[in-house]
Amino acid sequence: MKYKRIVLKLSGESLAGNGDYGIKPEVVEELAKQIKRIHDSKMEVAIVVGGGNIWRGLSGSAKGMDRASADYMGMLATVMNALALQDALEKLGVFTRVQTAIEMREVAEPYIRRRAVRHLEKGRVVIFGAGTGNPYFSTDTTAALRAAEIEADVILMAKKGTDGIYDKDPNKNNDAKKFDKLAYIDILNLGLHVMDSTATSLCMDNDIPLVVFNIDDYDNIYKAAMGEEIGTTVG
């Protein structure tokens with residue numbers, strides 16, 4: 001194995017499948033099967049999941065909502081996705097823990113770094129919900145922060161509709177160039193929208209490698225975790 005401990009970043013949209021909104025149980029089941037494959041290889045797996053399939057704080061803010069309130073709603077959406085993923089994994093026999101940055105003890109543990117690391121060491125999959133617990137921060141930043149805190153070897157960022165990082169939108173530009181390898185400083189200098197600048201800087205400052213790959217083929221999750229050269233590697 002190339003990695004011992006990974007953080008898998010899933011967008012909320014990936015749980016919606018081909019739809020725009022909601023959670024598709026059959027899609028969540030397929031994602032869970034791939035995560036189980038990784039887990040069965042004795043790799044320690046932590047997951048950060050977004051909430052864009054249910055609610056986007058920025059969209060609410062753009063329509064006049066208070067930004068902080070809109071972001072808190074987005075954090076709650078990530079917890080719903082985390083619970084759906086937990087249910088699918090446990091039906092496959094994978095022990096999991098959901099930890100949330102906003103305390104809600106009836107449904108999940110509060111996020112405690114040392115406890116999260118202990119769960120990973122015991123072979124449990126840990127799913128981080130509710131972002132960082134603070135408005136104005138994305139789940140990309142959450143992935144970077146949690147990866148630094150638990151000392152993950154890599155962040156695997158699953159993207160819909162693209163197989164890596166391009167110099168321009170490949171869905172709109174036929175001449176878009178794909179990068180196989182890239183440095184974090186290049187992402188910032190070129191203004192590439194891979195993750196927000198806070199997350200990019202956090203990864204760069206803490207030397208956390210990033211692999212961006214296409215999740216339209218679910219097998220790519222396992223391939224990326226096994227260290228196959230797919231997508232774009234940033235470091």
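**Salt bridges in the predicted model**

Let me begin with Glu121, which forms a salt bridge with Arg118, the closest N and O atoms lying 3.5 Å apart. The term denotes a side-chain nitrogen of Lys or Arg within 4 Å of a carboxyl oxygen of Asp or Glu. This is a predicted model, in which local features need pLDDT of at least 70 and side-chain atom pairs count only at pLDDT 80 or more, while totals for chains, interfaces and linings use all residues. Residues are numbered from 1 along each chain as its sequence is written, and side-chain values use heavy atoms, with hydrogens and water left out.

Glu121 and Arg118 are 3 residues apart in helix H4 (residues 113-121), so about one helical turn separates them. Helices (H or I, at least four residues) and strands (E, at least two) are DSSP runs, numbered from the N terminus. Glu121 is partly exposed at 46% relative accessibility; the classes are buried under 20% relative accessible area, exposed over 50% and partly exposed in between (1.4 Å probe, protein chains only).

In helix H3 (residues 67-91), Lys91 and Asp87 sit 4 residues apart, and their closest N and O atoms are 3.2 Å apart in a salt bridge. Lys91 is exposed, at 67%, whereas Asp87 is partly exposed, at 41%.

Which residue meets Arg56 in a salt bridge? The partner is Glu13, at 2.3 Å from N to O. This pair links distant parts of the chain, 43 residues apart.

By the stated rule, the count comes to 16 salt bridges.
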